[in-house]
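Biologist: Can you walk me through this one? I'd like the helix packing and the strands.

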Amino acid sequence: MSEGISQPDAPVVREGRAKGDLFAKFDDLIAMREGLLASGVEDPFNLVMEKVLSPTRAICNGRETILLGTYNYMGMTFDPDVIEAGKQALEEFGSGTTGSRVLNGTYQGHKECEDALKEFYGMDHAMVFSTGYQANLGIISTMAGKGDYVVLDIDSHASIYDGCAMGRAEIVPFRHNDIEALEKRLKRIPAEAGKLVVLEGVYSMLGDVAPLKEMVRVSKEAGAMVLVDEAHSMGFIGEHGRGVAEAQGVLNDVDFVIGTFSKSVGTVGGFCVSNHPDFEIMRLVCRPYVFTASLPPSVVATAATSIRKLMHGSNKRAHLWENSRTLHKGLKDLGFQLGTDEPQSAIIAVIMPDLTRGAQMWEALLKEGLYVNLARPPATPANMTLLRCSLCAEHSEDEVTTILGMFERAGKATGII
Ligand SMILES: Cc1ncc(COP(=O)(O)O)c(C=O)c1O
């Protein structure tokens, strides 16, 4: 794990910093941001959506923009049944619970949401958290404490690293998606120690899928418990949309599946599902579940309705795969460098030469009427600057063709292709 903010050999020191100003540790980042804005590009990390028209369209800077960076994979945010469920719950149960799940914050809707998750995954237990971030934070820190080991892919999401830090387990990272490296790390850990292997189904920076079948087998042979974060695969990957573990036939060997409502489900919230017979004790010992307010009734009502609809989402899943294949091939044919050789998920990462040109390309696309995510180090692997595109099942074939035309014009205008 990276040790917080790393200091370069010759750190930038901001003029006029008062002695003891704790913001000094961010001087490099502040300088980088100011440098970027001084080059005249619009701030890529401060875009305002003035109005949202649909899962694939919004008004940004006064113009209608196609959304290709929302992780709204299944396009559930404007589903009429989902919206109706939210409105009804808002009227019947009020705007918020004002309490923790273990006190006054468990309403009928939270139970219904957990029932929907149990049915969706075919698992015995489900626990809803206020965000996916808190689900990882809570489960990892509660399961792996001092003296235990968490073995994780080096490219793991920040919430996974933060869960490890909170639990104070030994962190053992291994090279991204490398089965042999995982096996070697596991062999080095004392046989009697508690071990949790943490994997993701789809890694969101490059949109690549983990070899879960082999990784789960290797982990189980070493006597480790396994947690898989399916944030970017739920609803889309696998026959029933249960994720990469389902697609690779290892869902029943996984001890904990973590997910979020902020992507395919189309709202906010997080969860963990499990078949472990003692799982329910989590509700009493998991601090990010106990010491925070529960989700508002309208949110859990929209989530439960969306999850139930996703159980019958096979047509949408097929269309989303079609979109992913068309965009991937189109961008590759145009000469863009992509994060994966073949489309593996609904995320397609376009690799930029550097941050300045990445920001110029991002802005050129926005001017064309297309929103994508700009990602930069340290969030990205290998210090890459990426334009991350996430497709939606509601993007039409025509929209994908339009998107490719926008990439071609913007790519030529900025000299990227
Ligand atoms: C892999 C992964 N896990 C967890 C999360 C956190 O989800 P949430 O937005 O619900 O906090 C994200 C969100 O980006 C993610 O990409």
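Modeller: Some terms to start with: axes are lines fitted to C-alpha atoms, for helices over the stretch in contact, and angles run from 0 to 180 degrees between N-to-C directions. Helices (H or I, at least four residues) and strands (E, at least two) are DSSP runs, numbered from the N terminus. This is a predicted model, where local features need pLDDT of at least 70, side-chain atom pairs count only at pLDDT 80 or more, and totals for chains, interfaces and linings use all residues. Residues are numbered from 1 along each chain as its sequence is written.

Biologist: OK. At roughly what angle do the axes of α3 and α11 cross?

Modeller: Roughly 20°, and the axes of α3 (residues 108-121) and α11 (residues 297-310) come within 8 Å. The two helices are therefore roughly parallel to each other, a label for angles under 35 degrees, with over 145 roughly antiparallel, 65 to 115 roughly perpendicular and the rest oblique.

Biologist: Left-handed or right-handed crossing, α3 past α11?

Modeller: Left-handed. That term applies if the near helix is turned anticlockwise from the far one by less than a right angle, and right-handed if clockwise.

Biologist: Which residues in α3 and α11 meet?

Modeller: From α3, Gly109, His110, Glu112, Cys113, Ala116, Leu117 and Phe120; from α11, Pro297, Val300, Ala301, Ala303, Ala304, Ile307, Arg308 and Leu310. Contact is taken as C-beta atoms, placed from the backbone, within 7 Å. The residues of this contact are 11 nonpolar, two polar and two charged. Ala, Val, Leu, Ile, Met, Phe, Trp, Tyr, Cys and Pro count as nonpolar, Asp, Glu, Lys and Arg as charged, and the others, Gly among them, as polar.

Biologist: And α4 with α5, how do they cross?

Modeller: The axes of α4 (residues 132-143) and α5 (residues 158-167) cross at roughly 35° and come within 7 Å. The crossing of α4 past α5 is right-handed. Among the α4 residues in this contact are Tyr133, Leu137 and Ile140, and those of α5 include Ile160, Cys164 and Met166. By class, the contact has six nonpolar, six polar and one charged residues.

Biologist: Switching to strands. What is the strand order in the open sheet of seven?

Modeller: β4-β12-β11-β10-β7-β5-β6, with mixed pairing. Two strands pair if DSSP finds at least two bridges between them. The edges are β4 (125-129) and β6 (170-174), each pairing on one side only. Neighbouring strands are turned by 20° against each other on average, direction ignored.

Biologist: How many bridges join β4 to β12?

Modeller: Five, and the two strands run antiparallel. Histidine 125 has serine 274 in β12 as its bridge partner. β12 (residues 270-274) is also joined to β11 (residues 256-260), antiparallel, by four bridges.

Biologist: Are the faces of β4 covered or uncovered?

Modeller: Both are covered: His125, Met127 and Phe129 on one side and Ala126 and Val128 on the other are all buried. Buried means 20 or more other C-beta atoms within 10 Å of the residue's own, exposed 12 or fewer, and partly exposed in between, with C-beta atoms placed from the backbone. In a regular strand the side chains alternate between the two faces of the sheet. α3 lies across β4, β11 and β12, at about 130° to β4.

Biologist: And β13, which strand is it joined to?

Modeller: β16 (residues 385-390), antiparallel, through six bridges. In β13 (residues 347-352), five of the six residues are buried.

Definitions and conventions:
Contact = placed C-beta atoms within 7 Å.
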